[in-house]
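Subject: Structure handover and notes

Hello,

Here is the structure we spoke about, with my notes below it. Please read them with the coordinates open.

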Number of protein chains: 2
Amino acid sequence: MTEESIQKEELRPWQELENFLEADDTAAVLSFVEKSDADDIRIALNHLSREDRMKFISIANPEDAAEVLNDIPESQAVTIIEDLEASDAATIIEELPSDDRVDILKALDDEDAEAIISQLEEEDSLRKLIQYDSDCAGGLMITEFLSFDQDVMVEAVVGELREKAEKYQKFNVQYIYVTAAGKFAGVVQMRNLILSPRNTRLSEILIRDALTVRDLDDIDELINFFDSHDFYGVPVVNELDEMVGVVLRKDIRETEAERSNIELLETQGIVGGEELRTMSVWLRSRRRLSWLSVNIILNIIAASVIALYQDTLSAVIALAVFLPVISDMSGCSGNQAVAVSLRELSLGLVRPFEVFRVWVQEISVGIINGLALGLLIGVVAWLWQGSVILGLVIGAALCLNTMVAVSLGGMLPLILKKWNVDPALASGPILTTVTDMMGFFLALSFTTMALSQLT
Amino acid sequence: MTEESIQKEELRPWQELENFLEADDTAAVLSFVEKSDADDIRIALNHLSREDRMKFISIANPEDAAEVLNDIPESQAVTIIEDLEASDAATIIEELPSDDRVDILKALDDEDAEAIISQLEEEDSLRKLIQYDSDCAGGLMITEFLSFDQDVMVEAVVGELREKAEKYQKFNVQYIYVTAAGKFAGVVQMRNLILSPRNTRLSEILIRDALTVRDLDDIDELINFFDSHDFYGVPVVNELDEMVGVVLRKDIRETEAERSNIELLETQGIVGGEELRTMSVWLRSRRRLSWLSVNIILNIIAASVIALYQDTLSAVIALAVFLPVISDMSGCSGNQAVAVSLRELSLGLVRPFEVFRVWVQEISVGIINGLALGLLIGVVAWLWQGSVILGLVIGAALCLNTMVAVSLGGMLPLILKKWNVDPALASGPILTTVTDMMGFFLALSFTTMALSQLT
């Protein structure tokens, strides 16, 4: 029996879960959550219907439900929360870390969000947090941290730690934050707490030159901060120098990874954020079409160059085979250069104003690859159609167009970035439109010039 | 004066650094390192010549040099280490965290690596670490951790902590690892060390059911582990249950992000790993050509379908304008579906055997978008060429081909994954070859059928 046929005979985890939900078997659902790891739960939820997903989250205890919401893509979590009663949603949201709580509330309709917030304990502070842009320190920070006035004794801190041990357990507390007259004053390392006599004042073991970030610092500044400093987290202060939260390195890394994923999707024409196949067909269709419809218009404009040379094409009909090849291959060469530029931009290895430097670095590759590809297609055209002239014309067109494509592909992301246009989104369509037009023009005008030799 | 012209008049950081290196001004170079953040150093190094980069690293003190190597892309760090004398390289490598140390040594030629290893203190343990695959726990772990026998007193641990405070500072020690008769026995939280009287034995405050991973567990298992458990790190044990290191969450997250970046590059035709423009032109050319040359052959094969219908094309030359559009647009629609499948695979939302389910989810989008795009291009063809029949033929071809492309694009990554072929790399070229052939075939055969109406 093959592996696949075995898999087909057993119930898959989500089928099991579906059956439990169908039967309203709460105990079985709870034990399913207990025994499954994040990966299984994610895939199971992805297979349930919208109704079953909601039912599942309502049955699970709030703590587990919060963990599940944390494990699945945010857009899916938001849909589930929308479907729940505000009071049920509030109970679950209460269990999320403060940064995720805020992210979800922000993604909801104002009305839904308001209904939930009004049921939460920390209503006021939440309303404040929601004001922050999600890509700045205030939007990325957690608000679970331990802070004490600098006059407090080590003894009292240890007491507090013991008392609230459970609450702070999951936040990996490594530092005690210290204030003086309400303003941020510095940090005390856990290790120094151990090493100090219990009647020491925090002010005596305080690291006063501790670094902080401002609540309005944006993600780029934070990425740079964690690149330069090997900290697990950094305290966030507001304009009054009051401490408002902690930004954790892991959350910055996750945001960074998320960004590069969105970029990956954009270069492939998935716009408006992540697409999951659990979303409605209409939404998925509409989003994809929004990008495709721009592209088809650009494509028709580019191809209209061919219409200008219909006589040439009628005379040398063999050319029709090579036009799509020239268009595709120039697109491929150009997209390689786009990918390297996007990568170097995101690694901070190149700045948007260095267009000329990038061109110098790309054109050398463009010349080599243009010659190689031009030679290859030229020989194919010659042997296939038995015409050296046709080989020369097509080879020269692809060779030149590869140089254009590679140059443009390298420079375009930098230029778009300088103009504040998203380079991941716009580079591809602009590149292929220009290289298509140029490629058709080169091949057809060269052919026109050589027409007397070709017919 | 515009921003750009101001920038042009000042010396950029790397020009400054170049001048210092030129003048052999060690003090100036050291103070440059002191005052620059990771971002500035990364971009400065990217602008230096290979010789200047080496000179810079030799001048900086080993600790700073190690930090710089940590901040730049690994392939660049490896080139610098290769250029250095083995003894200089060893001094710097000694300062790197154990996981990065091993990564760099593995990337070197065997000879270079051997010359450096023989100069390092922990020669034997390094040779062992190098054996691990870089994508398993043994290859990703750090070996800097604190472990004590379970009979040791809290007092002694605190003493050791005080003594080695500096050494362990940068490793964010959160746990003390405890062994019994040489085997891993459990962990003690820093917090519990604070709370316990100094004459407690570790065995009394030991968490015995602490989770571990095996040294041979692969990256997927580790990603799943950190998804399910909110730990900062996890102890790694070998087949004898001896503790050999700690895998940190941050390193797993970084490896995961690195992976998705490599995937981004592969879908755009950058193969063989990351390309940096500081690499040699020949290497960059060769790598890009290796992918382009496969593509051009696939492209020519696909376009050869056109040659089979030269008579039809001669009769309806207007078709030549629309063939590249059909080919490009089907590629775009298919690539969107590829992107969503790659994303869902990497999020663990879909498994490779669910090809049919994905097809069902894609074909509905394919039908809607196929009808929309087919209608659009059909109307354009009709109005432009004044022929309803031509509009119908071209619209129908694009409509059907979009459905094919979207279906294939959704399923292909799953099928390739099942066959153990890298889906990010192979999906694009296979997709466009098939959709090109199919698109040309549909448009040309429909036209042939309608030929009597069209001429």
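Two strands are taken to pair if DSSP finds at least two bridges between them. Helices (H or I, at least four residues) and strands (E, at least two) are DSSP runs, numbered from the N terminus. This is a predicted model, in which local features need pLDDT of at least 70 and side-chain atom pairs count only at pLDDT 80 or more, while totals for chains, interfaces and linings use all residues. Residues are numbered from 1 along each chain as its sequence is written, and chains are lettered from A and ligands numbered from 1 in the order in which they are written.

Three-stranded sheets

Chain A has an open sheet of three strands in the order β1-β2-β3, with mixed pairing. Its edge strands are β1 (147-149) and β3 (183-189) of chain A, each pairing on one side only. From one strand to the next the twist averages 35 degrees, where axes are lines fitted to C-alpha atoms (for helices over the stretch in contact) and angles run from 0 to 180 degrees between N-to-C directions. Strand β2 (residues 175-180) of chain A pairs with β3(A) in the antiparallel sense, over six bridges. In β3(A), A:Phe184 is the bridge partner of A:Thr179.

In chain B, an open sheet of three strands also has the order β1-β2-β3 and mixed pairing. β1 (147-149) and β3 (183-189) of chain B are the edge strands. Three bridges link β1(B) to strand β2 (residues 175-180) of chain B in the parallel sense. B:Ser147 has B:Tyr177 in β2(B) as its bridge partner.

Strand β5 (residues 233-237) of chain A is mostly covered, with four of its five residues buried. A residue is buried if 20 or more other C-beta atoms lie within 10 Å of its own, exposed if 12 or fewer, and partly exposed in between, with C-beta atoms placed from the backbone. β5(A) pairs in the parallel sense with strand β4 (residues 213-214) of chain A over two bridges, and A:Val236 in β5(A) stands opposite A:Val213. β5(A) is also joined by five bridges to strand β6 (residues 243-248) of chain A, and these two run antiparallel. Here A:Val237 stands opposite A:Met243 in β6(A). β5(A) and β6(A) form a hairpin with five residues between them, and A:Asp241 in the turn has a positive phi of about 70 degrees.

Helices of chain A

Helix α19 (residues 281-307) and helix α24 (residues 423-449) of chain A pack at an angle of about 10 degrees, with their axes 8 Å apart. α19(A) and α24(A) are therefore roughly parallel to each other (angles under 35 degrees count as roughly parallel, over 145 as roughly antiparallel, 65 to 115 as roughly perpendicular and the rest as oblique). Residues in the contact include A:Leu298 and A:Ile301 of α19(A) and A:Met437 and A:Phe441 of α24(A), contact being C-beta atoms, placed from the backbone, within 7 Å.

Helix α22 (residues 355-385) of chain A has a kink of about 25 degrees centred on A:Glu362; the bend at a residue is the angle between axes fitted to the seven residues ending there and the seven starting there. A:Gly386, which follows α22(A), has a positive phi near 65 degrees.

A loop residue

A:Glu122 lies in the loop between α10 (110-117) and α11 (123-131) of chain A. A:Glu122 is partly exposed, with 14 other C-beta atoms within 10 Å.

Regards

How values were computed. Two residues are in contact if their C-beta atoms, placed from the backbone, lie within 7 Å.
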